[in-house]
Amino acid sequence: MQRKLLFYIFLLVLIVPNVCLSVLEPMGFTAAFANVLLPLGAYLIMMSISPKIGRTIWFMFPFVFLGAFQIVLLSLYGRSVIAVDMFLNVATTNSAEVSELLGSMVPILGIIAVMYLPPLICAIIFIKRKLYLARGFLKVNRWVGYGIAAIGMFFMVCSYIFSSNYAIKRDLYPVNALYNVYLACDRTVRTGNYYVTSDSYKYNSIPTHPSEEQEVYILIIGETSRADNWNILGYERNTNPLLSQRDDILVSGRAMSESNTTHKSVPMLLSPVDATDFDKEIYKTKSLITAFKEAGYATAFISNQRYNHSFIDFFGEESDTTIFVREQTDDSSFMNPTQFSDMDLLPIVDMVLAQNNRKQLIVLHTYGSHFNYRDRYDAKYAHFKPDDYSEAMKSEREKLINAYDNTIVATDFFIMSCIKKLESLDDTSAGLLYTSDHGEDIFDNGSSRFLHASPLPTYYQLHVPMLAWLSEVYISRYNDAYEAAKKNFAANISTSRSFCPTAINLAGIKTDKLDIRASLMSPEYEPRKIALYLSDHNTPVRLDEIIIDK
């Protein structure tokens with residue numbers, strides 16, 4: 001009796017993700033029935049092959065792992081199968097981020113443990129005690145499995161007949177999840193060959209600004225900063241106490257990222273690649289840092305994030321000076337490696353500026369507003385209280401928003417600190433560009449959506465701030481570019497498309513890789529006619545067709 005009970009309990013927990021997806025995903029009833037019955041029949045057949053139920057359960061452990069992963073993601077995002085980017089995030093996210101996230105997900109992890117651990121533990125006991133199922137019991141269930149699978153096949157065929165969009169690799173779990181595993185492995189291999197495939201890439205940069213002119217440009221890549229929480233973009237709270245006092249900041253409230261994942265959005269910001277050609281070009285393209293180097297610039301890449309063994313690391317290593325402060329293991333005169341604050345980047349900026357290079361590019365990759373929010377700011381930036389949330393849950397939203405807004409206050413101070421450093425330079429054409437890689441969901445509008453990188457994006461995950469500051473010297477020398485920027489910052493902007501061309505154009509660098517129509521510094525700027533999003537399968541799709549909260 002115990003053996004039969006374990007058999008059916010394990011079958012039940014295996015099929016839970018299918019039932020959840022069939023209810024939560026916008027699929028027709030034939031696809032929903034196929035999504036439950038066909039896998040149910042297949043599981044039943046597989047479990048009926050051997051009488052050694054304990055070994056069978058552990059043999060099917062990959063389905064347990066996928067099921068647990070799927071349920072966790074459904075609890076976070078409310079829908080969608082495990083995406084390729086989810087698997088890649090597991091490989092590229094550092095252990096500190098993982099521990100922060102898991103620490104906020106105790107309830108759902110408890111449910112997962114209750115669902116999956118008892119059958120696995122019982123399976124070990126059955127293996128040790130050599131407890132087997134009767135062959136007659138297995139035979140009956142195997143034939144039942146054949147019947148259920150046949151009915152599932154019928155509904156799958158109907159899905160193909162009644163829907164032109166139906167596809168097994170997209171709509172049938174766990175086939176779709178396993179297909180995404182394959183794609184993730186393929187991308188990992190291609191990423192591993194990056195140095196080979198990008199070796200011959202050249203910008204053929206030509207500097208047009210006078211060689212004797214002093215120029216310094218700072219590019220800041222923010223993290224998880226959404227435009228809707230910036231006071232200078234209309235947010236009711238004063239999250240920008242310093243920037244809001246300036247009248248020389250160009251700022252856009254109509255900027256959207258084309259990805260809600262760091263490992264894709266940052267490479268698009270730092271290269272000419274965008275959603276239209278990402279999968280084709282990213283593996284052979286170098287970053288704008290190389291364009292500046294070819295034009296005679298000294299370059300520095302300073303990051304407050306960990307290595308992720310992907311394009312961000314590769315691009316950073318193109319610089320003359322590359323520092324990942326979180327990877328520092330020894331004390332130094334310019335930082336405290338135990339704090340891991342974005343403010344730790346500022347003394348390094350001073351160190352680079354002290355070299356007094358005639359042409360200097362500095363790229364700063366911050367940790368900004370990444371969860372866990374309270375770890376991103378010191379007490380002096382805690383303008384909004386209470387911010388002592390215990391867990392990431394809807395009931396704690398007020399405290400979560402307070403903490404998140406405090407991260408924007410800290411970002412405000414960081415940006416202003418960089419501007420003041422540039423302002424202090426005599427007779428220098430200087431400029432600063434800032435945008436964030438993506439935004440964040442924080443249980444908005446009564447939803448249960450939290451964090452970013454969901455398989456289907458939301459407005460809050462893609463609407464990002466973008467701003468620019470130019471020195472008086474720059475404006476006097478290149479007033480046409482400044483006037484163009486003032487106009488273009490009021491237009492629709494794809495940061496993924498425009499950040500890199502704008503930075504290159506800002507420095508007066510000519511290159512055949514520069515699409516002048518994407519540069520905000522150009523009178524020829526043309527906004528995208530249709531907003532795009534880089535899908536999980538690395539294809540460009542219309543944003544209005546895929547965004548959840550239209």
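The entries below go through ring pairs, a cluster and charges over rings.

I noted first that this is a predicted model, in which local features need pLDDT of at least 70 and side-chain atom pairs count only at pLDDT 80 or more, while totals for chains, interfaces and linings use all residues. Residues are numbered from 1 along each chain as its sequence is written, and side-chain values use heavy atoms, with hydrogens and water left out.

I looked up the aromatic pairs and found 37 in the structure, a pair being rings of Phe, Tyr and Trp (its six-membered ring) with centres within 6.5 Å, where planes under 30 degrees apart count as stacked, over 60 as edge-to-face and the rest as tilted. One of them is Phe65 with Phe69, an edge-to-face pair at 6.0 Å centre to centre and 65° between the planes.

I then placed this pair: Phe65 and Phe69 both belong to helix α4 (residues 61-77), 4 residues apart, about one turn of the helix, helices being DSSP runs of H or I with at least four residues, numbered from the N terminus. Phe65 is partly exposed at 47% relative accessible area, whereas Phe69 is buried at 15% (buried is under 20%, exposed over 50%, partly exposed in between, with a 1.4 Å probe and protein chains only).

I turned next to Tyr474 and Tyr478, whose ring centres are 5.1 Å apart with planes at 50°, so the pair is tilted; both residues are buried.

I also recorded one aromatic cluster, formed by Tyr194, Tyr195, Tyr283, Phe311, Phe314 and Phe315.

Last, I checked charges over rings (NZ of Lys or CZ of Arg within 6 Å of the ring centre and within 35 degrees of the ring normal): Arg226 has its charged end over the ring of Tyr404, 5.8 Å from the centre, and Lys513 has its own over the ring of Tyr201, 5.0 Å from the centre.

Conventions:
Helices (H or I, at least four residues) and strands (E, at least two) are DSSP runs, numbered from the N terminus.
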